[in-house]
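Thanks for coming, everyone. I would like to take a few minutes to go through one structure with you, so please have a look at it before I start.

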Amino acid sequence: MKKFLKGFTYAGKGIFYCFAHEMNMRVHLCFTVYMFCFLGLYDFFEISKAEYGVLLALCALVLSLEAVNTAIERVVDLATTEHNPIAGAAKDAAAGAVLIAVIFSVIAGIVIMYQPAAFRKMFEYYTEHIGSLVVLVISLVLSVCFVLIPQRMQKKEK
């Protein structure tokens, strides 16, 4: 049982590593959080439980593939320090897998969430509740900082 629980610790360290070192992972997380906040906190959009499940699964797929991409990149970097076309192809293929998942996730999100009335309700809500708009803008600024600041810190360390 102890060994089983230790596996969660290693997985957590891996997830934390990805968020700390990969800007794209933080970008995907921010989009995921905003989407589910708008779906969960407000009643702008009308989606079924099945559609909610599809969105959740697609977000999990994108984040998981980004973690796999990071793992492949690190292993390839460990295996070779010189330019190798096969190593580059492995890294490119892993990044391509993430891109494919992102493209189809965005398309599915548009299909599910394209509800012009919901966007009108959002606009009306934020024009009537300026305080909520200010909180949204502040959260967007903090999200940009969350995405960009770790990258700048890593560049300074090198």
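Within what distance do the axes of α2 and α3 come, and at roughly what angle do they cross? Before I answer, please keep in mind that what you see is a predicted model. The axes of these two helices, α2 and α3, come within 10 Å, and the crossing angle is roughly 170 degrees. That makes α2 roughly antiparallel to α3, because angles over 145 degrees are counted in that class. As for handedness, α2 and α3 make a left-handed crossing.

Let me move on to α3 and α4, whose axes come within 9 Å and cross at roughly 165 degrees. The two helices, α3 and α4, are therefore roughly antiparallel to each other, and α3 passes α4 in a crossing that is left-handed. If we sort the residues in the contact of α3 with α4 by class, we find 19 nonpolar, three polar and five charged.

Now to the aromatic side chains. A pair of aromatic rings is described by how far apart the centres are and by the angle of the planes. In this structure there are nine aromatic pairs, and I will pick out one of them, phenylalanine 36 with tyrosine 52. The ring centres of phenylalanine 36 and tyrosine 52 are 5.2 Å apart and the planes stand at 70 degrees, so this pair is edge-to-face. Phenylalanine 36 belongs to helix α2 and tyrosine 52 to helix α3, so the pair ties together parts that lie 16 residues apart in sequence.

That leaves the pockets, which may be of interest to those of you who work with volumes. The largest pocket holds about 750 Å³ of space, and its lining is made up of 27 residues, with Phe31, Thr32, Tyr34, Met35 and Val106 lying nearest the centre. Which helices supply at least two residues each to that lining? They are α2 (23-41), α3 (49-79), α4 (85-113), α5 (116-128) and α6 (130-157), and it is α2 that gives the most, with eight residues. By class, the lining of the largest pocket divides into 22 nonpolar and five polar residues, with no charged ones.

The second largest pocket has about 210 Å³ of space and is lined by 13 residues, of which Tyr34, Cys37, Leu41, Leu136 and Ser139 lie nearest its centre. The elements that give two or more residues to the lining of this second pocket are α2 and α6, and α2 gives the most, with six. The lining of the second largest pocket has 10 nonpolar and three polar residues, and again no charged residues.

To draw this together, Tyr34 is listed among the residues nearest the centre of the largest pocket, and Tyr34 is listed likewise for the second largest pocket.

Technical notes
Residues numbered from 1 in each chain as written. Predicted model: local features only at pLDDT ≥ 70, side-chain atom pairs only at ≥ 80, totals over all residues. Heavy atoms only, no water. 1 Å grid on protein atoms, 1.4 Å probe; cavity = no way out; pocket = protein on both sides within 12 Å on 5 of 7 lines; lining within 4 Å. Points joined across faces, edges and corners; volume = space filled by probe spheres on them. Helix = DSSP H or I, 4+ residues; strand = E, 2+ residues; numbered from the N terminus. Nonpolar A, V, L, I, M, F, W, Y, C, P; charged D, E, K, R; others polar. Axes fitted to C-alpha atoms, helices over the stretch in contact; angles between N-to-C directions. Parallel < 35°, antiparallel > 145°, perpendicular 65-115°, else oblique. Left-handed = near helix turned anticlockwise from the far one by under 90°. Phe/Tyr/Trp six-rings, centres within 6.5 Å; stacked < 30°, edge-to-face > 60°.
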